[in-house]
Amino acid sequence: MTPHRHEGPTDAATSPLDDALDDARNDARYDARNDALTDVRGLRVGHARVPGAGALSGTTVVLAPEGGVVAAVDVRGGGPGTRETDALDPRNLVQRIDAVVLTGGSAYGLDSAAGVMAWLEERGRGVRVGPDPRHVVPVVPAACLFDLGRGGDFSARPDAATGRAAVEDAAASGLRAPVATGAVGAGTGAVVGGLKGGVGTASTVLASGITVGALVVVNAVGSAVDPETGVPYGRYFTGGGRPSYPDPAVHEAARRRLAGARAKLSAPPMNTTLAVVATDAVLTRAQAQKLAGTAHDGIARAVRPVHLLNDGDTVFALATGERETAAEAGPLDLNEILAAGADLVTRAIVQALLAPETGVSGPGGDHPSYRELYGDAPDS
């Protein structure tokens, strides 16, 4: 099989000294956030794609810092494709995880998690199951989206080599590194409402100093654009004031092209929006579960419809636990983090829609980008 192409550096894991140097360099410029999941210190994101002329798929990995993170998941889609999500139930054994995989390739693509497991095992990262430090079982939760055949080759899908390439890409990135968005990693073949979809990300620092970030992969038959106005749905819930409306003639031309493209599809695309929401706050596993659940509200604001029987909508929540809340803080102080998580998912979905400059057209269908149809959104 042809080796999988990395979309970033291919170096192995960095050393603790490298991480410390990254911290020193990045702390000095931390006020200029990347507006990305990696603003939650210690998290890294890597992408890889499946090679070949008929391939339009890939994998994205969120890599936790050494020692892992508290994690939870909430699955709302009626047709999910997941792996190791039961391990995240607060009633079960596993306390912390080292990576999350988001992947194309439908259920076949879940094989990419095996490559991430192997990479973690080589570094002694995982649940200790024996007297030797090397005796570990890495727990790598994963979720997939449907993009089979979108590039023309139904058999071109992520595997263990793709997962390994993605985690190596994540490990080689610096702390708080920018995150590539658009048609990368798991978003390589993603579409939404007939438009090109992909990867998006966003972050914020709350008044308390707590950082919250989100990363999404949008691949849905539901639309991310208001059919009456051409405004991305998420724009109604993000930013200040009234969104900018496209020229009516431009919007009508876009509607005609999308209708024609949909008419040529042999089958409608499957629905799935995948997300990772993270914070540097100390959260219990139950609180992380609540964060994953409320973050789905962010999907519902930005993609319509969602959570149907053929959806795979899945949200993971991660907490690095680096920032303690005030000693007098009560349980309701979690509300600020919950609200931010949903808001950031909405904003990341808008970014995923606007990020691709061009769409894709081929055996898997004609999927123009939003910018091809509407130009640069004035408030993007």
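Trainee: In which loop does Tyr-236 lie?
Mentor: This is a predicted model. Tyr-236 is found in the loop between strand S13 (211-219) and helix H4 (248-263).

Trainee: What kind of surface patch does Tyr-236 form with Phe-237 and Tyr-245?
Mentor: The three make up a nonpolar patch, and together they have about 290 Å² of accessible area. Tyr-236 itself counts as partly exposed, because its relative accessibility is 32%.

Trainee: Let us turn to strand S2. How many of its residues are buried?
Mentor: In S2 (residues 44-49), 6 of the 6 residues are buried, so the strand is largely enclosed by the rest of the structure.

Trainee: Which residues lie on each face of S2?
Mentor: Arg-44, Gly-46 and Ala-48 are on one side, and Val-45, His-47 and Arg-49 are on the other. In a regular strand, side chains alternate between the two faces of the sheet.

Trainee: Which strand is joined to S2, and by how many bridges?
Mentor: Strand S3 (residues 58-63) runs antiparallel to S2, and 6 bridges join them. Within this pairing, Arg-44 stands opposite Leu-63.

Trainee: A change of topic: how many salt bridges are found in the whole structure?
Mentor: The search finds 14. One of them joins the side chains of Arg-164 and Glu-122, at 2.7 Å from N to O. This pair links distant parts of the chain, with Arg-164 in helix H3 and Glu-122 in helix H2, 42 residues apart.

Trainee: Which residues are linked with these two in a network?
Mentor: Arg-123 and Glu-168 belong to the network of salt bridges along with Glu-122 and Arg-164.

Methods:
Residues are numbered from 1 along each chain as its sequence is written. This is a predicted model: local features need pLDDT of at least 70, side-chain atom pairs count only at pLDDT 80 or more; totals for chains, interfaces and linings use all residues. Side-chain values use heavy atoms; hydrogens and water are left out. Patches are made of residues with over 30% relative accessible area and no salt bridge: like charges are joined within 9 Å, nonpolar side chains (Val, Leu, Ile, Met, Phe, Trp, Tyr) within 5 Å. Accessible areas come from the Shrake-Rupley method with a 1.4 Å probe; for residues, only the protein chains shown count as cover. A salt bridge is a side-chain nitrogen of Lys or Arg within 4 Å of a carboxyl oxygen of Asp or Glu. Helices (H or I, at least four residues) and strands (E, at least two) are DSSP runs, numbered from the N terminus. Buried means under 20% relative accessible area, exposed over 50%, partly exposed in between (1.4 Å probe, protein chains only). Two strands pair if DSSP finds at least two bridges between them.
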